[in-house]
Amino acid sequence: MAKGKLKKMFPGGNTSQGFYSYYDNIIRPDANRIFVIKGGPGVGKSTLMRSIGETMLNLGYDVEFHCCSSDNGSLDGVCIPEIGVAMLDGTAPHVVDPKNPGAVDEILNLGEFWDETLLRKNKPAILKTNRRVGRFFQMAYFALKEAKVIRDEWESYITEAVDFTRVSEATLRISEEIFTAVKPDFTRPATIRHLFASAITPDGPVNYHDTLLQDIQKLYVITGEPGSGKAALLAKLAAQAASLGLDTEQYHCSLVPQNIDVLVIPQLSVAAANLSAPVYFDPNCLPNLEASKEINLSAFLNTEALKNYAAEITGCRTRFEAAFNRAVKRLNQAKTEHDLMESYYVPAMNFDDINAKKEQLLARIIRYAEERTAE
């Protein structure tokens with residue numbers, strides 16, 4: 001049996017608006033089964049989900065790893081779309097509780113397998129470390145909010161120099177190339193899924209475009225200065241796809257979560273992606289890509305108008321980078337404190353019992369898969 005395909009994305013992100021969650025988009029609420037995993041840091045939630053996900057991949061099922069924006073090595077969830085099963089980390093900051101208990105959702109509490117006596121001995125240290133984690137996140141979000149304000153100023157200078165007629169013409173050309181041959185389907189509403197393709201992490205900006213775009217045959221690469229119209233272009237394409245009844249995967253900006261950075265239209269094997277800094281990705285790595293077209297919206301700027309703000313734009317770039325890097329530093333400090341907190345939990349865990357629980361859970365998931373195959 002061929003190995004399944006792995007897709008990696010972020011269900012939540014560290015943004016200019018604080019922690020922003022698209023957790024409700026990991027799997028549909030009418031899923032076959034959703035396991036909400038509870039427990040403290042270091043109790044094995046991510047390890048359990050990853051192990052089961054890798055097993056299902058090896059059994060030939062496509063699997064999604066929903067990665068943690070605050071810990072590059074951890075998972076916040078695993079989804080197996082074909083059988084309608086997901087496992088979710090239900091602890092802060094992405095608190096998840098069952099919406100349809102028993103019928104769809106159930107809680108798996110790994111807190112059953114810890115030594116309460118040992119944890120209580122470390123209570124003062126745990127409380128102190130937890131406070132420090134929260135404080136570093138708060139400082140990171142202050143810095144990201146500052147970065148957004150600076151970016152707004154930067155965008156204002158660029159926007160003043162944009163020839164929006166040419167931007168509209170470029171948008172129309174792309175739209176015609178993508179949608180002209182599409183026959184509208186009004187028999188059902190289009191499904192729209194919102195997640196993050198990239199994240200601001202303790203290691204800086206990280207993206208998994210290589211997995212999200214692995215089936216894409218045609219890619220529109222959108223580049224340009226902040227304020228040149230990238231977000232508006234992608235929003236128009238997304239709206240048109242929905243109006244035609246096409247399902248879309250909309251992956252949002254890690255700094256401004258309302259903006260779309262990557263739009264995937266699976267039915268057409270087409271995507272459009274903002275690949276401007278701080279997102280770095282080479283489309284040439286995509287295995288099924290047949291055509292790639294770059295649209296640089298900075299080509300539609302009035303360079304004479306920009307000269308009036310040259311010093312201001314340079315200053316914005318410098319200040320934005322400083323604020324962004326400060327946010328990454330604070331996230332890294334939060335991660336260091338979180339690792340320290342995990343060190344108090346790990347010795348208190350009975351991992352033999354957790355592994356036994358994992359095997360029971362895996363057996364159930366395989367049974368769900370076999371039942372779905374037999375239908």
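This is a predicted model: local features need pLDDT of at least 70, side-chain atom pairs count only at pLDDT 80 or more; totals for chains, interfaces and linings use all residues.
**Stop 1**

Zoom in on β4 (residues 33–38) and β7 (residues 85–89). These two strands pair in the parallel sense, over 5 bridges. Pick Phe 35, then look opposite: Met 87 in β7 stands there.

**Stop 1: α1 against α9**

Two packed helices are described by the angle between their axes and the distance between the axes. The crossing of α1 past α9 is right-handed.

Show side chains on both helices. From α1, select Leu 48, Ser 51, Ile 52, Thr 55 and Met 56. On the α9 side they meet Ile 354, Lys 358, Leu 361, Leu 362, Ile 365, Ile 366 and Ala 369. Colour the contact by class, and there are 9 nonpolar, 2 polar and 1 charged residues.

**Stop 2: the nonpolar cores**

In soluble globular proteins, nonpolar side chains tend to be buried together. The largest nonpolar core in this model has 109 residues. Select Leu 48, Met 56, Met 87, Phe 179, Leu 213 and Ile 365, the residues with the most contacts inside that core. Then colour helix α3 (residues 123–160), which supplies the largest share of the core, 13 residues.

A second core is separate and has 11 residues. Ile 27, Ile 34, Val 36 and Val 104 are among them.

Next, centre on Phe 179. What is Phe 179 in contact with, leaving aside its neighbours within four places in sequence? Select Leu 237, Gln 240, Ala 241, Leu 244, Leu 246, Ile 265 and Leu 268 to see those partners.

**Stop 3: the β2–β3 hairpin**

Go back towards the start of the chain. Strands β2 (residues 12–15) and β3 (residues 18–21) run antiparallel, joined by 4 bridges. They form a hairpin with 2 residues between them. Pick Gly 12 and you will find Ser 21 of β3 standing opposite.

**Stop 4: another sheet of 6 strands**

Display strands β9 and β12 to β16. This open sheet has the order β9-β13-β14-β15-β12-β16, and its pairing is mixed. At the edges stand β9 (192–196) and β16 (291–296). Each has a single partner strand, so one side of each is left without a neighbour in the sheet. The twist averages 15 degrees from one strand to the next.

Inside the sheet, select β14 (residues 260–265) and β15 (residues 270–274). They pair in the antiparallel sense over 4 bridges. Leu 263 has Ala 272 in β15 as its bridge partner.

Helix α4 (residues 164–179) lies across β12 (218–223), β14, β15 and β16. It runs at about 165 degrees to β12. Helix α6 (residues 230–243) lies across β9, β12, β13 (248–252), β14 and β15. Relative to β14, α6 runs at about 30 degrees.

**Stop 6**

Select Ser 254, in the loop between β13 and β14. Is Ser 254 buried or exposed? With a relative accessible area of 13%, Ser 254 counts as buried, because the cut-off for buried is under 20%. Leaving aside neighbours within four places in sequence, its contacts are Asn 14, Thr 15, Phe 196, Ser 198, Ala 199, Ile 200 and Asp 261.

Two backbone details remain. Most residues other than glycine have a negative phi, and most peptide bonds are trans.

Pick Ser 269, in the loop between β14 and β15. Its phi is positive, about 55 degrees, although it is not a glycine. Ser 269 is also buried, at a relative accessible area of 18%.

Finish at Pro 278, in the loop between β15 and β16. The peptide bond joining Ala 277 and Pro 278 is cis, with omega about 10 degrees.

Technical notes: Residues are numbered from 1 along each chain as its sequence is written. Side-chain values use heavy atoms; hydrogens and water are left out. A nonpolar core is a set of buried Ala, Val, Leu, Ile, Met, Phe, Trp, Tyr and Cys residues joined through side-chain atoms within 4.5 Å. Buried means under 20% relative accessible area, exposed over 50%, partly exposed in between (1.4 Å probe, protein chains only). Contact means heavy atoms within 4.5 Å. A crossing is left-handed if the near helix is turned anticlockwise from the far one by less than a right angle, and right-handed if clockwise. Ala, Val, Leu, Ile, Met, Phe, Trp, Tyr, Cys and Pro count as nonpolar, Asp, Glu, Lys and Arg as charged, and the others, Gly among them, as polar. Two strands pair if DSSP finds at least two bridges between them. Axes are lines fitted to C-alpha atoms, for helices over the stretch in contact, and angles run from 0 to 180 degrees between N-to-C directions.
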